[in-house]
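Morning, everyone. I have one structure to walk through today, so let me put it on the screen.

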Amino acid sequence: DIIKLLVERDSCLDYKSFLMQTLLKYRDLLKEKDCIDGIFYREVKKEIQSVTDRIKSILSYYLKGSISSSYATLGRWWNGKGEQGFRPYASAYKMKENQTFYRMRNKEGNIKFDRKGMFHVPYSLRHILKNCRYSITGFPCLYIGKSIYGCWEEMGKPTFNDFYVSALKPNTQITLLDLRLTRNDFLNEESKRSYLISLPIIIAC
């Protein structure tokens, strides 16, 4: 039942309405079930409410046009400690130094992209950016994959003559928020608890 909440937004609803409805359904589902895989709702109620309130605050800043405040609030939340932080409950993915990732881009006529062209849209052109899967208007987002095949799948399987591919390697370790649902999320009581607490932010994304 919980997985069913991770659905595409109904085109008839704006994002805020859809998110508020889905978060409410999640809370009601937990209250109704009371116990999921050995985790009682009362044990995670406080943390889930805290996560939900932070999401609402971040969204409120964004919808008011204060995108910088939205990002700053998210940054403080991610980097905070204890109850003020999100990391104790979130799954983190560590991009290791010199680990290889791939970036794919469709051809645009006879244009040949250089290294900068294969990176994200430059900040000087941020005005052309629109809302996409994980990026928002005016803020570039770099979409990369661990394999060329994975990038090809995400790009809609273009013909082999219609795209460019480049390899990227971080020069230092980078810690990212991991939004995937894996078997590791259900291995033990602590991982299940973290999953239930962090699910609202996965829903929001």
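This is a predicted model: local features need pLDDT of at least 70, side-chain atom pairs count only at pLDDT 80 or more; totals for chains, interfaces and linings use all residues.

Let's begin with the core. The largest nonpolar core has 24 residues. Which of them have the most contacts inside it? Those are Leu-19, Tyr-26, Leu-30, Ile-55 and Trp-77. Four helices, α1 (15–33), α2 (41–63), α3 (67–79) and α5 (189–204), each supply at least two residues. The biggest giver is α5, with eight residues. In general, nonpolar side chains tend to be buried together in soluble globular proteins.

Take Ile-55 as a way in. Leaving out residues up to four places away in sequence, Ile-55 touches Leu-19, Trp-77, Pro-200, Ile-201 and Ala-204.

Now α1. This helix has 19 residues. From first C-alpha to last it reaches 27 Å, close to the 27 Å expected at 1.5 Å a residue. Which residues of α1 are buried? Phe-18, Leu-19, Thr-22, Leu-23, Tyr-26, Leu-29 and Leu-30. Look down the axis of α1: its buried residues fall within an arc of 125 degrees, so they line one face of the helix. Turned away from the buried side of α1 are Lys-25 and Glu-32, both exposed. Cover for the buried residues of α1 includes β1 (35–36), α2 and α5.

Check both ends of α1. At the start, a side-chain oxygen of Asp-14 comes to within 3.2 Å of the backbone nitrogen of Lys-16. After the helix comes Asp-34, with a positive phi near 65 degrees.

Next, α3. It has 13 residues and spans 18 Å between its first and last C-alpha, close to the 18 Å expected at 1.5 Å a residue. Its buried residues are Ile-67, Ser-70, Thr-73, Trp-77 and Trp-78. Down the axis of α3, these fall within an arc of 130 degrees, so they too line one face of the helix. What do they pack against? The buried residues of α3 pack against α2, β6 (174–177) and α5. On the other side of α3, Ser-68, Arg-76 and Asn-79 are exposed.

On to charges. How many salt bridges does the structure hold? Three.

- Asp-28 pairs with Arg-27 at 3.3 Å. Asp-28 is partly exposed at 36% relative accessible area, and Arg-27 is partly exposed at 33%.
- Glu-108 pairs with Arg-105 at 3.2 Å. Glu-108 is partly exposed at 39%, and Arg-105 is partly exposed at 22%.
- Glu-153 pairs with Lys-157 at 4.0 Å. Glu-153 is partly exposed at 32%, and Lys-157 is partly exposed at 48%.

One caveat for the last pair. The salt-bridge cut-off is 4 Å, and the Glu-153 and Lys-157 pair comes in at 4.0 Å.

Last stop, His-120. Where is it placed? His-120 lies in the loop between β4 (101–106) and α4 (148–154). Is His-120 buried or exposed? Buried, because its relative accessible area is 17% and the cut-off for buried is under 20%. Beyond residues up to four places away in sequence, His-120 touches Arg-103, Pro-140, Cys-141 and Leu-142.

That's the tour. Over to you.

Notes. Residues are numbered from 1 along each chain as its sequence is written. Side-chain values use heavy atoms; hydrogens and water are left out. Buried means under 20% relative accessible area, exposed over 50%, partly exposed in between (1.4 Å probe, protein chains only). Contact means heavy atoms within 4.5 Å. A nonpolar core is a set of buried Ala, Val, Leu, Ile, Met, Phe, Trp, Tyr and Cys residues joined through side-chain atoms within 4.5 Å. The expected span of a helix is 1.5 Å times one less than its number of residues. The arc is that of the directions from the helix axis to the C-beta atoms. A polar contact is a pair of N or O atoms within 3.5 Å; within protein, one must be able to donate a hydrogen and the other to accept it, and residues adjacent in sequence count only if both atoms are side-chain atoms. A salt bridge is a side-chain nitrogen of Lys or Arg within 4 Å of a carboxyl oxygen of Asp or Glu.
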